[in-house]
Amino acid sequence: MNAARSAGPTANLQAQSNERPHYQRPQLTTPFFERSQFLSETDTYVGWSGYSTIDVFSSVEQEYFAIRNSAAVFDLTPMVKYRIAGPDAERYLNRLITRDVAKLKVNRVAYTVWCNENGHLVDDGTVFRVGKDEFRLCTAERQLDWLLDSAIGFQVEIGEVTEQIAALALQGPTSCAILKAIGLVGVENLKMFDMGQFRLGERALMVSRTGFTGDLGYELWIEPEGAVELWDKLFEAGKLFGIRAIGYQALDMARIEAGFILPNVDFISAAHTIRLNRETTPFEMGLEWLVALDKGHFNGRRALVAEKARGSKCRLLAIEINGKKPAHGSLIYDGEKGLVEIGEIKSALWSPTCKRNIALAMIQAPYFSTLKEFWVDIYVHRELHWDRRMERAWPVERPFFAPDRRKAVPAGDR
Amino acid sequence: MSERFQHIVIGGGHNGLVCATLLARRGRKVLLLESADQVGGAAITREFAPGFQVSAGAHLLHALPAELTRELQLERHGLRLSARSLPTVSLNPDGAPLVFDAVTAGAPGERLSAPDQRALMEFRRQMARFARVFDLVQSTVPFRLGMEGSRDRINALKIALRIRLLGKRDMRELLRIAGMNAYDLLEDVFTSEALKGALGFDATLGAEHGPRSPGTVLTLLARWTGLSRDGNHGVAQVAGGMGQLTQSMARAATAAGVQVRTGARVERVLVENDRASGVRLQSGETIAGDSVISNADPKTTFLKLVGAEYLDTDFVRRVDHYRAKGNVAKLHLALDSLPEFRGVEAIRAGGRMLVSPSLEALETAFNPSKYRQLPDAPVLEITIPTVHDASLAPPGKHVASILVNFVPYDPQIGLAEARAQLQRTVLEVLERHAPGIGKRVHASELLLPQDIEREFGMAGGHWHHGALSFDQFFVTRPVPGATQYATPLPGLYLCGAGAHPGGGVSGLPGRNAALRILEQGA
């Protein structure tokens, strides 16, 4: 076992960008920061894993429609990244995460979650199989202590490489066309969750057909020195394809439509909970398709086997709600009178594409399987006046929005 | 694949032998595998110089319940004591030593002031009352705090009742002192430096603690409990050395139907369908079993024999953090003649002699170990078993078996240098108490914690298989998730000193593990 938290070359870029001492400027910036700042009309920033990133460039709606109708660029660099390599890397990851890594081929990516010994979620993320014995794990939160403790007894090297890799998400119907336009020959043949090695001039550019929007889209990974060049080439080539930089808020809309969960919104990591019973299991999140109970032992397996036998105490459902008002933070009841509280809304959105009022709702047992209809208590704030209304809601298929273009091979141009 | 067993016990230390025997007595088909050429673990007798034999690990017997001795019929199987109720002799280089017996009735000590005599009598009575609680605690399978089964509730209630029976005054006193450090308690009670030093030594031997460290009253109580068990023999010496105890246990095991195989080193616990299904030996041979019971220490069991891939990160982290670094070294001396300790009659040289002249001296000897350094003036427990048992050495010659407390596992100066320095300082201390002893040394052997780790296969070289302290005691020993002799891996059990109640030659972890397996099913 061997830990290396590497200081990336971006440290220099940051030092140049501002001469104030670091403690007066605790937020980091990504290599795309100057380009992003140039395009920002609203100057709204949001902290993400210690980085300043842009919340909204111009307007959330325009940015959202770039994802669904043309192409959107999102700076993904703050996503925490680990390099995991060594003769035991596969065995190590198989013990760490819930999915079967042995089935993950080289140059493939998998979405996954991982649990503690109680079967409670620690985090979610993506595993990239870079080679037979080398992986990249992208996580929502910093995990080095968990990853290192998980490495006890395995021959594996773990290093955080967040600062060594600049990353952009390019998402939307014209994203493939833009990549072809910057010279990535054959990129259209990548299947969902494939990754491929390309070149951008002299530099290596890794492209994965992944994303957080549920649309056709790619994620681009490059050394930080090539970041600005990548950005410029995309925006140059993307002019005719409606390319637009987007912030966090627009992405959040798309991810709800795609039915993707977000840590600290839809679930909270067991590493952070203080109150009893605030932890969540993959079964409760509706993620049983990620849990390979038959692959041998992994963290939390024994608890999850027991939960499967016993039944989960709640479950995240995709629901649709009558009306147009997003049901942010609403409580859910079994009947219109609101007598028995049976759950609560985690994420809510008026979906501009589906034209439906959608939400991810955590519903308690047994109601998640017995009720075909719930009532949602929605609070509406209009011109300093609070109003509440009880609206009917019902379970629907997740994802809410899943266009065929997200899967098509070869990928389409629009 | 050879024949199939109901239980495979890994390791033939005294606890493995006790556990295997009790299971076989109840009709179970048991195989015991020992990697060395003889069973016994750290309770063996071996030659360390031509013609000189010594108990290689533990050298005094004081915690084995008489009840267990009877149950296993150890005397019928050859157990003999060459001495019992050995007094403690607290050496004093400038004058007469303090000789006292901590437990048995009668004159509590020589050269003690009248108030100290009274205090010792009262302290003994009080500790004996507390020991009744601890005796039950030590011989009870720890309950799960969730009280998942009726047995958990019964065991918890039995202990609660025993505490209740202490009465208000003693309950209050137990609450007051249980979390205290030995230094404060002994300073409260006694005035004699030699007495406090000696009792403080008992509170810290084998713990990574000085007398001022919190929780040292717990270790004192744990030790006292073994000493004061009803019908016990006090501090005793086994004829032929500790090896004869485990040899008698091995005969009891064989008589009960346990198959004992020596020279069989287990390399891995086999896991099938998330259950321990047998073992693989270093030779490559695999043996199937319905359950596997490990007498090895927790770190070795979980991290080496089972492997982290069958366990959860949280659990492995707890095992990894389990404190099991040994801090006791052992020095064996082959002596051409019986050394003369100042003020000690020859027969008393067969007692348990301590060099721990005061609590200050004890704390001062402890301090450097925090920084991985060696004490300048080591504190010692010295026995000369040949005073009572001539069979251990050639005629007229003697053996000294000496425990050196507070020797760090990984000394800063390196092992070779530490070995030389420690041997030198211990002999200097001995010379002060027994002038001329150096010239009588014919051969010697010094076992540092790392040597103990290697010889007995104990991770960290801690011969209690892990420090005994509140966080590694009873319902949390060795670590949460493995506190009921059962472990997170179904079919795998612990029966060694890493399990409750911990180290010392008591046989209780092995006995309790057998109880747990028999009562609650394997």
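Ser36(A) is buried, with 21 other C-beta atoms within 10 Å; a residue counts as buried if 20 or more other C-beta atoms, placed from the backbone, lie within 10 Å of its own, as exposed if 12 or fewer do, and as partly exposed in between. The model is predicted, so that local features need pLDDT of at least 70 and side-chain atom pairs count only at pLDDT 80 or more, while totals for chains, interfaces and linings use all residues. Residues are numbered from 1 along each chain as its sequence is written, and chains are lettered from A and ligands numbered from 1 in the order in which they are written.

Ser36(A) belongs to helix α2 (residues 33–39) of chain A; helices are DSSP runs of H or I with at least four residues, numbered from the N terminus. Leaving aside residues up to four places away in sequence, Ser36(A) touches Ile54(A), Asp75(A) and Ala245(A), where contact requires C-beta atoms, placed from the backbone, within 7 Å. Asp75(A) stands 39 residues from Ser36(A) along the chain, with 8.5 Å between their C-alpha atoms.

On the scale of the whole chain, domain 1 (1–310) and domain 2 (313–395) are assigned in chain A, with bounds from an automatic or database domain assignment. Their centres, taken over C-alpha atoms, are 30 Å apart. The contact between them takes 13 residues from domain 1 of chain A and 13 residues from domain 2 of chain A. On the domain 1 side, α3 (60–69) and α8 (248–257) of chain A each supply at least two residues, and α8(A) gives the most, with three residues.

Key:
Contact = placed C-beta atoms within 7 Å.
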